[in-house]
Amino acid sequence: MERETGTFRVKSGLAEMLKGGVIMDVTNAEQAKIAEDAGACAVMALERVPADIRRDGGVARMADVAKIEEIMGAVTVPVMAKARIGHFAEAQILQSVGVDYVDESEVLTPADEEHHIDKWAFTVPFVCGARDLGEALRRLAEGAAMIRTKGEAGTGNVVEAVRHQRAMLRQMGWLQTLRPEQYVSAAKELGAPVELVRDVAAAGKLPVVNFAAGGLATPADAALMMQLGVDGVFVGSGIFKSEDPGVRARAIVEATTHFNDPDVLAKVSKGLGEPMHGLDIKELGEEGLLQVRGW
Amino acid sequence: MKGGVLALQGDFREHAHVLADLGIAPVEVRRPDDLAQVDLLVIPGGESTTIGKLAASAGLVEPIRERTASGMPMLGTCAGMIVMAKRVEGGEPLLSLVDITVRRNAYGRQVDSFESDVEVNGIDHPVRAVFIRAPIVEDVGPNVSVLAEHEGHPIVLEQGNLVVASFHPELAGETRLHEYVAGKA
């Protein structure tokens with residue numbers, strides 16, 4: 001019988017398979033192997049990790065295709081790659097290369113300050129960052145099949161990811177207290193389509209998978225976010241900017257699975273070596289924030 | 001009846017919902033003592049390499065093999081099929097239970113993932129099957145029967161108390177494969 005590709009169920013279905021897992025930023029085949037051997041459920045192929053993008057400045061773009069292909073050739077787990085916000089041509093290239101998910105990411109320099117990509121036009125699924133429920137629902141309206149918190153990438157500081165997930169929980173809780181006649185005004189307040197507002201009010205959760213991202217660096221960070229209700233975690237600079245990436249990666253994988261078991265968390269939090277150097281968000285200033293990119 | 005779902009990584013919650021819909025109390029299995037209280041076990045979709053590593057470090061591999069040897073029914077979907085297979089091309093088998101050879105991601109990358117209706121022996125109406133970076137069964141041993149095929153490849157197989165499917169019935173709210181396996185308990 002007929003194959004139907006690129007349906008929303010197929011797109012969001014891959015995200016469902018990633019749940020309870022850790023998606024790790026990698027910049028070459030060797031790191032990709034380390035990530036896979038540690039139990040990563042997917043890798044994000046990048047030219048530079050966010051901490052280096054932050055340090056180097058300039059315009060950050062989609063990675064070179066040769067780099068992405070090198071990583072795709074090294075592992076059997078799904079490979080994701082980042083396109084700039086609004087840069088649908090980069091996304092077309094990533095789809096043609098055959099990446100398994102496109103991250104329309106604020107970590108790269110936005111290509112369009114008004115519009116995100118029309119993600120319905122693609123067969124490849126997209127994940128997008130969000131700081132609150134309204135932003136998440138706007139991305140879903142554009143066709144995203146997976147959501148992640150924006151957090152503040154490249155800082156090794158989990159505080160912004162916590163802020164964004166807390167906002168999401170608070171607003172979802174609020175929607176559930178509303179009467180039907182309040183949905184339209186809630187949609188206006190959130191800046192999101194009323195149909196999606198109604199869905200979330202009924203289900204009490206997002207209609208797609210939601211991961212934590214942006215500043216996670218330790219097994220405890222992963223467990224914290226999982227206990228706050230995310231479905232899985234992205235770890236960017238936190239692994240390959242630490243002293244012993246393989247050991248830390250493995251520990252974060254175990255912590256994400258056993259997030260509710262403090263005995264396991266204690267065991268895996270032992271002897272990890274130096275974590276990445278962290279940044280205080282207040283020292284970044286408004287100019288230094290990546291999370292304000294996109295809307 | 002208590003239905004275990006291996007809850008290390010993947011879409012274990014969807015499987016738990018299917019079991020609950022069938023009136024079977026779902027139990028998330030992360031440790032050997034969780035396994036001891038269930039009457040059947042489902043291995044969900046997810047990343048087979050990740051599930052394999054976590055199952056080994058949680059000390060679940062031998063206990064699961066022992067339970068299935070004494071008749072516990074088990075269902076594996078997609079990654080679950082890979083985890084239960086005796087032979088994995090280009091990889092290591094984990095539970096080594098079902099006498100098949102599987103090739104991972106054999107339909108291509110995510111852009112080639114698809115859904116389709118499929119006919120399954122013993123189930124009346126077509127089953128909605130969602131194939132996500134699905135494996136293909138390359139070789140089937142003599143004690144394994146093929147319950148369904150798609151485009152010439154076996155997609156649902158049975159070996160005694162064990163059933164494996166290369167697709168995700170749970171993503172389409174499909175309950176009949178689970179019901180079939182629960183019937184063996």
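**View 1. Polar contacts between chain B and chain A.** Across the interface of chain B and chain A, 27 residue pairs are in polar contact, both residues at pLDDT 80 or more. A polar contact here is a pair of N or O atoms within 3.5 Å; within protein, one must be able to donate a hydrogen and the other to accept it, and residues adjacent in sequence count only if both atoms are side-chain atoms. This is a predicted model, where local features need pLDDT of at least 70 and side-chain atom pairs pLDDT 80 or more, while totals for chains, interfaces and linings use all residues. Residues are numbered from 1 along each chain as its sequence is written, chains are lettered from A in the order in which they are written, and side-chain values use heavy atoms, leaving out hydrogens and water.

**View 2. A salt bridge across the interface.** Let's look at Arg9(A), which forms a salt bridge with Glu115(B), with the closest N and O atoms 2.8 Å apart. The rule (a side-chain nitrogen of Lys or Arg within 4 Å of a carboxyl oxygen of Asp or Glu) finds eight salt bridges between chain B and chain A.

**View 3. Strands meeting between the chains.** Strand 1 (residues 4–5) of chain A and strand 7 of chain B run antiparallel, joined by two bridges. Strands are DSSP runs (E, at least two residues), numbered from the N terminus, and two strands pair if DSSP finds at least two bridges between them. Thr5(A) has Phe114(B) as its bridge partner in strand 7 of chain B.

**View 4. The contact surface as a whole.** Here 41 residues of chain B are in contact (heavy atoms within 4.5 Å) with 43 residues of chain A.

Conventions
Helix = DSSP H or I, 4+ residues; strand = E, 2+ residues; numbered from the N terminus.
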